[in-house]
Amino acid sequence: MSIHKEVKKVTVNSILEMKATGEKISVLTAYDYTMASILDAAGVDVILVGDSAANVMAGYGTTLPITLDQMIYHAAAVSRAVKRALLVVDLPFGTYQGNPYDALNAAIRVMKETGAQALKLEGGVEIKDAVKLIVNAGIPVMGHLGLMPQSINTYGGYGLRATGVQEAHKLNTDAQLLHELGCFAVVLEKIPAKLAKEVTDHLRIPTIGIGAGADTDGQVLVIHDLLGFNKSFKPKFVRQYLQLDELITTAVQQYVADVKSSDFPNEQEQY
Ligand code: KIV
């Protein structure tokens with residue numbers, strides 16, 4: 001008998017089960033080993049290596065520049081930390097919008113080189129062939145509809161999506177299609193809460209909301225937003241549980257002062 005306590009791994013099936021039983025699904029992003037260890041131990045159900053790494057890790061203005069190799073680097077680091085959560089990785093812009101077989105190859109690379117358990121792709125009918133091939137290869141896929149940051153240049157801004165009848169209708173149809181293609185969940189980003197509820201009520205797979213109200217089956221936030229790393233980024237849908245920006249600034253200012261005054265290191269902090 002093992003002396004180690006078994007950790008019950010969250011799987012795609014557990015996520016589907018959570019929808020069936022009405023248990024809400026918690027999702028957070030992570031991009032590195034240390035943060036992922038903390039989130040996993042704290043009990044988050046799903047860890048997403050989002051292509052928002054382009055923004056919060058690399059300082060780009062959009063998610064478009066991040067490469068497949070860079071996503072694999074982040075995802076492999078996160079994977080080394082995660083024991084319990086389901087690990088989902090974003091396929092980056094440019095790897096799945098063209099030839100579906102290229103998309104399949106990108107998907108297989110992520111699965112082989114990172115230890116991820118699922119992938120996330122943005123889009124509906126436009127990417128159906130890629131989704132079908134990836135799902136048929138035995139790779140679970142999470143869809144992503146509503147505000148799709150990889151399409152930012154089409155929108156021209158990060159405003160609320162699907163406020164009109166036509167876009168709302170397309171979103172409903174795309175969600176249904178992703179379900180039929182075998183996706184195990186769909187992220188709904190920045191859409192009216194009423195529409196998110198409608199989609200959620202009509203799907204047997206869970207919806208994970210971000211800026212989509214309280215009626216989705218789960219919620220996702222970028223970890224840097226939840227922890228308040230950036231004081232000036234506070235959209236309405238973010239709840240900041242900490243103001244790390246201020247805490248880190250105070251700590252670093254104190255360190256600088258201690259070094260300048262020769263207070264650090266003291267006698268107990270040297271050999
Ligand atoms: O890249 C990301 O972090 C995401 C979530 C915000 C859903 O796609």
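Helices here are DSSP runs of type H or I with at least four residues, numbered from the N terminus. In this predicted model, helix 11 covers residues 244-260 and includes Ile248.

Ile248 belongs to a nonpolar patch on the surface, which it forms with Phe229, Val252, Tyr255, Val256, Val259 and Phe264. Together these residues have about 580 Å² of accessible area. Ile248 has a relative accessible area of 39%. Buried means under 20% and exposed means over 50%, so Ile248, at 39%, is partly exposed.

## The ligand and its surroundings

The residues that surround the ligand are Thr29, Leu48, Gly50, Asp51, Ser52, Asp90, Lys120, His144, Ile210, Val220 and Val222. For Lys120, a polar side-chain atom is 2.8 Å from an oxygen atom of the ligand. For Asp51, an N or O atom of the side chain is 3.0 Å from a ligand oxygen atom, and for Asp90 a polar side-chain atom lies 3.1 Å from one. On its own, the ligand has 260 Å² of accessible area, and the protein covers 95% of this.

## Strand pairing around strand 8

Strand 8 pairs with strand 1, which spans residues 25-29, in the parallel sense over four bridges. Strand 7 also runs parallel to strand 8, and two bridges join them. Gln219 of strand 8 takes part in both pairings: Gln219 is the bridge partner of Ser26, and Gln219 is also the bridge partner of Gly209.

## Salt bridges across the sequence

Side chains of opposite charge can pair when their charged atoms come close. The structure holds 10 salt bridges. One of them joins the side chains of Asp217 and Lys19, with an N to O distance of 2.8 Å. Asp217 lies in the loop between strand 7 (207-210) and strand 8 (218-221), while Lys19 is in helix 1 (residues 12-21), so this pair ties together parts that are 198 residues apart in sequence. Both Asp217 and Lys19 are buried.

Another salt bridge links Glu126 to Lys170, and their closest N and O atoms are 2.7 Å apart. Glu126 is in the loop between strand 4 (118-120) and helix 6 (128-136), and Lys170 is in helix 8 (residues 165-181), so the pair ties together parts that are 44 residues apart in sequence. Glu126 has a relative accessible area of 51% and is therefore exposed, whereas Lys170, at 34%, counts as partly exposed.

## A further pair and a network

The side chains of Glu167 and Arg161 also meet in a salt bridge, at 3.1 Å from N to O. Glu167 is partly exposed, because its relative accessible area is 32%. Arg161 has a relative accessibility of 17% and so counts as buried.

Methods
Residues numbered from 1 in each chain as written. Predicted model: local features only at pLDDT ≥ 70, side-chain atom pairs only at ≥ 80, totals over all residues. Heavy atoms only, no water. Patch = residues over 30% accessible without salt bridge, like charges linked within 9 Å, V, L, I, M, F, W, Y side chains within 5 Å. Areas by Shrake-Rupley, 256 points an atom, 1.4 Å probe, with all protein chains shown as cover. Salt bridge = Lys/Arg side-chain N within 4 Å of Asp/Glu carboxyl O. Buried < 20%, exposed > 50% of the residue type's maximum accessible area, 1.4 Å probe, protein only. Near = heavy atom within 4 Å. Polar contact = N/O pair within 3.5 Å; in protein donor to acceptor, adjacent residues only side chain to side chain. Pairing = 2+ DSSP bridges.
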